Amino acid sequence: PAEPVAAAARSAAPGGTAAAAAGAATAARSNVGTIDVAAGAGEAEAGAEAEGPQTTRSVAQALKRSAKETGIEGPLVGRLEGETSFVTGGDVVGPAEVHVAHAWDGSFADLTAALLKDAAGDLDRRYSIDLFSTDLLTPPDDPIGTVQRLVGGASEVLLVLDEDALALRRLWVLFEVLLAHDAGKLRVCRAGAPRGGFGDSEAALKHWQNQIDAVDWVLAEATRKSDEKRLRGHTERTWELQGKGVERMLAQLKKFLRREIYGQILLGAVRKGDRRAVQALLDAGVSPEQQDAFGNTLEEIASSNGKADIEELIFLRRMQGLTHSSLSSFFAPKELLAGAAREGVVDQALLAPFMTEPLGDVGELDEAIYSDEEFVAERLLPGSARRSSGGGSSTHTPSSSQHDWHESSLGSSQSALHDHNPRSGRLRS
């Protein structure tokens with residue numbers, strides 16, 4: 001099944017380079033957007049080693065010339081109906097789970113290698129690629145509707161970015177990506193990286209900051225000027241009138257890209273043990289809750305690599321982002337004292353200095369006569385005498401010291417209490 005595409009690719013490449021043949025052979029196992037990963041990683045590796053990497057556009061041009069010469073009509077996937085994988089026996093052509101958004105001016109070998117990596121060993125996973133699902137000789141009458149159907153019919157949309165983020169400069173790709181993000185089905189991966197991913201350093205962070213900041217709907221281009229006019233007119237008629245707005249959707253897309261790409265850089269920096277890069281990424285707002293594809297947290301990765309300083313840094317940053325509730329959010333003072341007495345775990349006398357609210361019901365407490373502290377002292381230390389009526393009401397406030405309150409309200413019973421002074425931070429008896 002790969003031979004027609006391989007032959008076309010060879011005709012497009014000077015001297016028939018292995019890059020075109022290998023990349024096209026991989027791509028031949030495709031569906032309305034489908035690449036059957038059973039084509040094998042070996043072919044992609046062979047293409048990467050060849051002279052002069054072929055772009056997706058050059059492969060498309062070769063397919064187009066081949067179709068004209070042979071008189072074959074329709075998209076490539078139509079010619080592969082009924083073919084089966086020689087590895088798994090599964091159908092080469094079939095429904096695609098993932099639609100791929102990519103730049104036609106990017107390396108075709110890098111694109112296929114990225115998809116092979118993304119498939120993670122699932123040899124029957126299919127990817128929807130416009131290069132093979134489109135009739136290159138007869139473009140669709142409604143290209144916008146075609147893109148909408150492809151994006152809407154896929155479970156996921158995978159945005160493949162090269163080092164220069166060429167895809168984000170193309171108007172059609174931006175349209176696909178904005179549709180996918182609005183539908184909550186967008187993913188992003190890197191093509192052409194030696195180790196995969198978006199990097200693991202401060203330099204990588206700055207590079208992708210610049211690439212994402214440069215994304216602009218107005219400056220994005222299409223090959224045909226008529227397509228630019230068509231797309232911009234469509235967005236004005238639909239998105240703007242629906243209250244979405246291109247600029248608003250673009251801002252949300254940039255936020256998504258920063259979260260996803262910076263998160264992958266942070267994972268790389270933690271694995272590498274680059275504390276400075278980790279600090280810079282956390283300062284840039286990357287979540288310390290980031291996990292890798294296997295569910296490992298950043299702290300677990302740092303710990304397994306023996307990077308205790310990075311593990312501690314991430315832990316502290318994660319704790320700063322959490323809400324730490326006060327004790328009173330879990331217990332009312334009366335319930336806390338009752339529980340302590342019932343369980344016999346905490347001496348109620350130890351809790352007395354921290355009580356600043358009445359512990360009894362309204363019927364039990366006349367707030368006009370007794371202050372909160374007097375009631376606590378009476379409830380916890382039955383033997384202690386109340387202040388005489390001539391002594392007036394308590395003047396203790398939340399801002400007064402616990403020491404002053406003990407001196408004035410507990411009298412001789414003070415020695416029975418262990419008090420914590422919140423100002424000095426020391427325990428005293």
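## Starting at helix H4

Let's begin where helix H4 ends: the helix is followed by Gly-71, a residue with a positive phi, near 75°.

Now look back along H4 itself. This helix covers residues 56-70, which makes 15 residues. From its first C-alpha to its last it reaches 21 Å, close to the 21 Å expected at 1.5 Å a residue. Which residues of H4 are buried? They are Thr-56, Ser-58, Val-59, Ala-60, Ala-62, Leu-63, Ser-66 and Ala-67.

## The chain as a whole

Stepping back, the chain has 429 residues, and buried residues make up 45% of them. Its secondary structure comes to 18 helices and six strands. Take the contacts between residues at least 6 apart in sequence: 71% of these join residues at least 24 apart.

## How confident is the prediction?

The average pLDDT of the chain is 74, and 64% of the residues score at least 70. Among the elements of the chain, strand S3 (residues 156-161) has the highest mean pLDDT, 96, while strand S6 (residues 426-428) has the lowest, 33.

Two stretches deserve a careful eye. Over residues 359-373 the pLDDT is below 50, and this stretch has 23 contacts in the model beyond near neighbours in sequence. The pLDDT is also below 50 over residues 379-429, a stretch with 66 such contacts in the model.

Setting aside residues up to four places away in sequence, Leu-253 touches Leu-174, Val-177, Leu-178, His-181 and Leu-186.

## Cavities and a pocket

How many cavities of 30 Å³ or more are there? The count comes to two, and the largest cavity has a volume of about 90 Å³. It is lined by 14 residues, of which Leu-63, Ala-67, Gly-74, Arg-79 and Leu-136 are the closest to its centre. Helix H4 returns here, giving the largest share of that lining, three residues.

The largest pocket has a volume of about 1300 Å³. Of its 42 lining residues, the closest to the centre are Lys-117, Gly-197, Phe-198, Gln-264 and Leu-267. Helix H5 (108-119), strand S4 (186-190), helix H9 (202-213) and H11 each supply at least two residues of the lining. The largest share, 10 residues, comes from H11.

## A last stop on helix H11

Arg-271 is found in helix H11. Is Arg-271 buried or partly exposed? Its relative accessible area is 44%; this lies between the 20% and 50% cut-offs, so Arg-271 counts as partly exposed.

Leaving aside neighbours within four places in sequence, Arg-271 is in contact with Asp-292, Ile-301 and Asn-305. Arg-271 and Ile-301 are 30 residues apart along the chain, and their C-alpha atoms are separated by 6.6 Å.

How values were computed. Residues are numbered from 1 along each chain as its sequence is written. This is a predicted model: local features need pLDDT of at least 70, side-chain atom pairs count only at pLDDT 80 or more; totals for chains, interfaces and linings use all residues. Side-chain values use heavy atoms; hydrogens and water are left out. Contact means heavy atoms within 4.5 Å. Helices (H or I, at least four residues) and strands (E, at least two) are DSSP runs, numbered from the N terminus. The expected span of a helix is 1.5 Å times one less than its number of residues. Buried means under 20% relative accessible area, exposed over 50%, partly exposed in between (1.4 Å probe, protein chains only). pLDDT is the predictor's confidence in each residue, from 0 to 100. On a 1 Å grid over the protein atoms alone, a cavity is a set of points where a 1.4 Å probe fits but cannot get out, and a pocket is an open set with protein on both sides within 12 Å along at least five of seven lines; lining residues have an atom within 4 Å of a point. Grid points are joined across faces, edges and corners, and a volume is the space filled by probe spheres set on the points.
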